[in-house]
Amino acid sequence: MACFLFYDENFKTLDFGPGHPMRGDRYEKALEEFKKDGILEKVEMRKVEMIDEDILCLFHTSTYVEKVKKISEEGQGIIGPDTPGYKGIYEAALLSVSATIFGVKSLLKNECEVAINICGGWHHAFENTGRGFCIFNDIAVAGNFLLKEGVEKIMIIDYDAHHGDGTQRAFYSSKKVFTISLHQNPETLYPFLTGVKEEIGEGEGKGFNRNFPLSFNCKDEEFIENFKEVEEVINNFKPEFLILQMGVDGSKECFISNMKLTGESYNYASYKIRESQKKIGFELLSLGGGGFVHPMLGKNWGIQINNFTN
Ligand SMILES: [Zn+2]
């Protein structure tokens, strides 16, 4: 069955401007690499339409949504730390959540086996504020959308270099949504305060959150060793729906973390997820996450997407 790649050329409007690591051309540049590596022949490209903005409030407060809208109209203001506002930022952020929700809907309708939104995975945003380049947390919105649709066992795996703190917080007391994050030791990297092993969830959700802090200079061997434990967790939990944040900013080429991963780590993890999918039969939604240098970004996303098409 098909692997859908949701894409809209207006993804480029999600751009914090010169001097900021998050620039709008990263999607186009990644697509060029996909083309060179034959990935585009293996996926079905799908257009994105804007979702009803009420869907944002499945996770975000209406006060925060209104704040982003106002900053977007006025063209000035701060959305949150490291997350400046600009004219049109609301539409840009809504488009990115739309691509994620379109992915979810296609999977629920069994139109595809894997859905991908490279302009997604905004794991730092909280319900009431933007943080760390993230405006709306499309992962948390998608999780709540799935719960509303009656999906009972959701797993979120995040191997971006940074701890998926906004996502952890969103589902910390839920046993229906199992959150897992592998990331550079948060004593040495943003978001600094969370992402330690001892955070395992609370109340009903106790035991349904796992953190795998990795060394400052983490190499493939350590990442793969830790991911083997994740494989066991997937096979024991047997999710109905798996959301992956496939951020590649732990790559040795990327200046934003100190990790030293290569395509070997991303190949291993994505291959194992796809293998579990074939065994367990869950729906798979994969979201871009971090990665800020080229051509590394397109290469390491491409390695993963290629595995999802096999
Ligand atoms: Zn990151």
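What percentage of the 310 residues of the protein chain count as buried? I looked this up first. The figure is 53%. I note that the model is predicted.

**Overall form**

I checked the radius of gyration next. The protein chain has 17 Å. A compact globule with 310 residues would come out near 19 Å, so the value agrees. I then took the box along the principal axes. The C-alpha atoms fill roughly 50 × 50 × 40 Å.

I listed the secondary structure. The protein chain holds eight helices and ten strands.

**Helix H8**

I turned to H8, residues 296-308. This helix has 13 residues. I read 19 Å from its first C-alpha to its last, close to the 18 Å expected at 1.5 Å a residue. Is H8 mostly covered or mostly open? H8 is mostly covered, with 13 of its 13 residues buried.

**H1 against H8**

I wanted the packing geometry here. Two packed helices are described by the angle between their axes and the distance between the axes. H1 spans residues 26-36. I found an angle of about 60° between H1 and H8, with the axes 8 Å apart. The two helices are therefore oblique to each other. H1 passes H8 in a right-handed crossing.

Which residues make the contact? From H1 I noted Arg 26, Lys 29, Ala 30, Glu 32, Glu 33 and Phe 34. From H8 I noted Leu 297, Gly 298, Lys 299, Trp 301 and Gly 302.

Methods. Residues numbered from 1 in each chain as written. Predicted model: local features only at pLDDT ≥ 70, side-chain atom pairs only at ≥ 80, totals over all residues. Helix = DSSP H or I, 4+ residues; strand = E, 2+ residues; numbered from the N terminus. Rg over C-alpha atoms; globule rule 2.2 N^0.38 Å. Buried ≥ 20, exposed ≤ 12 C-beta atoms within 10 Å, placed from the backbone. Expected span 1.5 Å × (residues − 1). Axes fitted to C-alpha atoms, helices over the stretch in contact; angles between N-to-C directions. Parallel < 35°, antiparallel > 145°, perpendicular 65-115°, else oblique. Left-handed = near helix turned anticlockwise from the far one by under 90°. Contact = placed C-beta atoms within 7 Å.
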